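Dear colleague,

Please find below the structure that I am handing over to you.

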Amino acid sequence: MEDAAQSSHGGENNSGLEEDRSSEEEFGSSELGTKEYWEDTYQRELETFKDIGDVGEIWFGEESMSRVLRWMDNAKIPESASILDIGTGNGAFLVELAKHGYKNLTGIDYSPTSVELAKSVLQAEDLTSVPVKEMDFLNSQGELKGFDVCIDKGTFDAISLNPNNKTEGKILYIQTLKDALEDKGFFSITSCNWTKEQLLERFSEGFEFVQELPVPSFQFGGQKGNIVAALIFKRKH
């Protein structure tokens, strides 16, 4: 689960090129915020994986996984840490986390086809012990608790584009995240819709900003902007 505005697997937030849009009208609704869109997307990717073994596109590219893994190394996140991949999609990041030595992993996605695809990808890598659950993060009924690290690459973006309840969804997201994380647990978010400043504002209550991860940048009209925003927060009470 992951227009963002430019494509189904990434886009630009034009940080530094536009005024900070902090109201609830930052961007309009989109089919990219619907469960139906992601079901169709992962159905195609599942069929492709079954045909030729291609896992599909990596949300924000392989470097998006590498930068988070580098941060985890530098932050000395232990291999035993309990890690939640929010909106796991095709499960590619779970595979990389497992290959990196992390042993206590969980993936969730509200798309049943995504879950089937992720399980198939993990099985192909002989990682069947990694659990992937069909679960809507916003309606997890208190099942998500005790995580040391929560990782989001595009799920908050998609929730922000939901045509029906994006305002409520953003509020529920933050409350669920607070409940899921241990005190002083870490939250990694990569977004192509939200700027650094917007994310700092959105997660100002209950979270402490830790650092910004280096991301690709571009220049236009003499101003510099970022392709995506990637930030680390720490849960605080």
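Conventions. This is a predicted model, in which local features need pLDDT of at least 70 and side-chain atom pairs count only at pLDDT 80 or more, whereas totals for chains, interfaces and linings use all residues. Residues are numbered from 1 along each chain as its sequence is written, and side-chain values use heavy atoms, with hydrogens and water left out. Helices (H or I, at least four residues) and strands (E, at least two) are DSSP runs, numbered from the N terminus.

The sheet. Strands of a sheet pair through backbone hydrogen bonds, either parallel or antiparallel. Here, two strands are taken to pair if DSSP finds at least two bridges between them. Seven strands make up an open sheet with mixed pairing, in the order β3-β2-β1-β4-β5-β9-β6. At its edges are β3 and β6, each of which pairs on one side only. Ignoring direction, neighbouring strands of this sheet are turned by 20 degrees against each other on average.

Strand β4 (residues 147-153) is mostly covered, with six of its seven residues buried; buried means under 20% relative accessible area, exposed over 50%, and partly exposed in between (1.4 Å probe, protein chains only). Strand β1 (residues 82-86) pairs with β4 in the parallel sense over four bridges, and aspartate 85 has isoleucine 151 of β4 as its bridge partner. β4 is also joined to β5 by six bridges, and these two strands run parallel.

Strand β5 (residues 181-191) and β9 run antiparallel and are joined by six bridges. Strand β9 (residues 229-235) is mostly covered as well, six of its seven residues being buried. Five bridges join β9 to strand β6 (residues 207-212), again in the antiparallel sense; glutamate 208 has lysine 234 of β9 as its bridge partner.

Contact means heavy atoms within 4.5 Å. Axes are lines fitted to C-alpha atoms, for helices over the stretch in contact, and angles run from 0 to 180 degrees between N-to-C directions. Helix α2 packs on the sheet and touches β1, β4, β5, β6 and β9, its direction making about 155 degrees with that of β4. Helix α3 lies across β1, β2 (104-109), β3 and β4, and runs at about 175 degrees to β2.

Met65, Val68, Leu69 and Met72 of α2 make the contact with Ala92, Phe93, Glu96 and Leu97 of α3. By class, this contact has seven nonpolar, no polar and one charged residues; Ala, Val, Leu, Ile, Met, Phe, Trp, Tyr, Cys and Pro count as nonpolar, Asp, Glu, Lys and Arg as charged, and the others, Gly among them, as polar.

A further helix pair. Helix α1 (residues 35-52) packs with helix α4 (residues 112-124) at an angle of about 30 degrees, their axes being 7 Å apart. α1 and α4 are therefore roughly parallel to each other, a term used for angles under 35 degrees. α1 passes α4 in a left-handed crossing. The residues of α1 that meet α4 include Tyr42, Leu46 and Phe49, and among those in α4 are Pro112, Leu117 and Val121. By class, the contact of α1 with α4 has seven nonpolar, four polar and five charged residues.

Two loop residues. Most residues other than glycine have a negative phi. Lysine 76, however, has a positive phi, near 55 degrees. Lysine 76 is placed in the loop between α2 and β1 and, at 70% relative accessibility, counts as exposed. Aspartate 126 also has a positive phi, near 60 degrees. Aspartate 126 is in the loop between α4 and β3 (132-134), and its 66% relative accessibility makes it count as exposed.

Yours sincerely

Key
Parallel < 35°, antiparallel > 145°, perpendicular 65-115°, else oblique. Left-handed = near helix turned anticlockwise from the far one by under 90°.
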